[in-house]
Amino acid sequence: MIRFGIIGPGKISHRFIKGMNDVVGARIEAVASRSIERAKQVQEQYGFDKAYTYLECFEDKDIDAVYISTPPHTHFELIQLALKHGKHVICEKPLLGNSKDAIECFKLAKESNLILMEANKSVFTPIFKQAKQWIEEGIIGKPLYIDGSYCYRQLFGDDHWVYWANEAGGGMFDVGVYPLTFVHCLLNCAVTEKTRMAITHNGLCDGFEQILLRYENGVVASVRGAIDVQTENKIMIYGEDGYIESVNFWKSHDIKCVIKDQIIEKHFDFNSEFTFEIQHFVDCIMNGLPESAIMSSKHSIEIIQIIEK
């Protein structure tokens, strides 16, 4: 049984907690916050055994792994502390704001025989697996172009961390990382050409950003991320003989494939899209793997490098 500590009981952590309900071989034992009062509130809400400050959780020898769900600018310090205290780490996206820090953290994880994995749920879902299977089976023919978007408009105060460009803020790091990761892990080859255009938010960061990529296998991809503009958010994979489509692909239950006049639709029942990434992480630990083969250190670092200015 892998015993988890939650680091940062913010909004996203409650969805992780729900996702844990259907995971085999793991349980949440503790919740930790900067404020012990806040940690105790969440402990009582869910009936967890322990409430801690961050350091207390890292020092608990009964905790095997931690889920870090704090804002991105805190990730480096918390990842380092967790690994140095012998904890496996699954950390919310974006993992880090620059590739130098990411390389350093993955190096420490490897030296410590611990797993560090970015919690980018988009590549663990049944939707991603189905799209990959259809492409490998050649149902849509040779893939030519992929278009992916996750853009929303919910203006915060300009002092909010989501606008801190040097700390993994901005539209592409915040949510554009979902379509980018989907595309990059799906194609699993090198980027040979990159072009970007952005609309800045009050001179602070990218309020909207679009990146155009050409991959080594010839596929062209366009990915968009925004915190200032709402768009239709979906993944479209166009091949020589048809296309694959999924709306809200990072959490969707549905995907379809259109080939000439034939439509193939798939629906997947699940309670939480978080369950799949957690189960994969737990399985990696239980099987003694050095890292995830799906959300690998290589993929996480390359994705950061694509976004880096």
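**Entry 1: the largest pocket**

I began with the largest pocket, which holds about 1,200 Å³ of space. I noted that a pocket is an open set of points on a 1 Å grid over the protein atoms alone, where a 1.4 Å probe fits, with protein on both sides within 12 Å along at least five of seven lines. Its volume is the space filled by probe spheres set on the points, which are joined across faces, edges and corners. I also wrote down that this is a predicted model, where local features need pLDDT of at least 70 and side-chain atom pairs count only at pLDDT 80 or more, while totals for chains, interfaces and linings use all residues. Residues are numbered from 1 along each chain as its sequence is written, and side-chain values use heavy atoms, with hydrogens and water left out.

Next I looked up the lining, meaning residues with an atom within 4 Å of a point. I found 39 residues there, with Lys11, Ile12, Ser69, Trp161 and Asp174 nearest the centre of the largest pocket. Two or more lining residues come from each of α1 (11-20), α4 (75-84) and α7 (171-187). These names belong to DSSP runs numbered from the N terminus: helices (H or I) have at least four residues and strands (E) at least two. By class, I read 15 nonpolar, 14 polar and ten charged residues in this lining. Here Ala, Val, Leu, Ile, Met, Phe, Trp, Tyr, Cys and Pro are nonpolar, Asp, Glu, Lys and Arg are charged, and the others, including Gly, are polar.

**Entry 2: the second largest pocket**

I then turned to the second largest pocket, with a volume of about 240 Å³. It is lined by 15 residues, and Ala165, Phe173, Asp206, Ile307 and Lys309 are the closest to its centre. α7, β8 (191-201) and β9 (205-215) each give two or more residues to this lining. I read its classes as seven nonpolar, three polar and five charged residues.

**Entry 3: helix α8**

How far apart are the end C-alpha atoms of α8? They are 19 Å apart, which agrees with the 18 Å that the 13 residues (274-286) should span at 1.5 Å a residue. The expected span takes 1.5 Å times one less than the number of residues.

I saw that α8 is mostly covered, with ten of its 13 residues buried. Buried means under 20% relative accessible area, exposed over 50%, and partly exposed in between (1.4 Å probe, protein chains only). Among the buried ones I listed Phe274, Ile278 and Phe281. Their cover includes β1 (2-7), α1 and β2 (26-32). After α8 comes Gly288, with a positive phi near 70°.

I found His201 in strand β8, buried at a relative accessible area of 7%. Its side chain joins that of Asp228 in a polar contact of 2.9 Å (a pair of N or O atoms within 3.5 Å; within protein, one must be able to donate a hydrogen and the other to accept it, and residues adjacent in sequence count only if both atoms are side-chain atoms).

Last, I checked Val247 in strand β12 (residues 243-247), which is partly exposed at 40% relative accessibility. Leaving aside neighbours within four places in sequence, Val247 is in contact with Asn233, Lys234 and Ser252.

Technical notes
Contact means heavy atoms within 4.5 Å.
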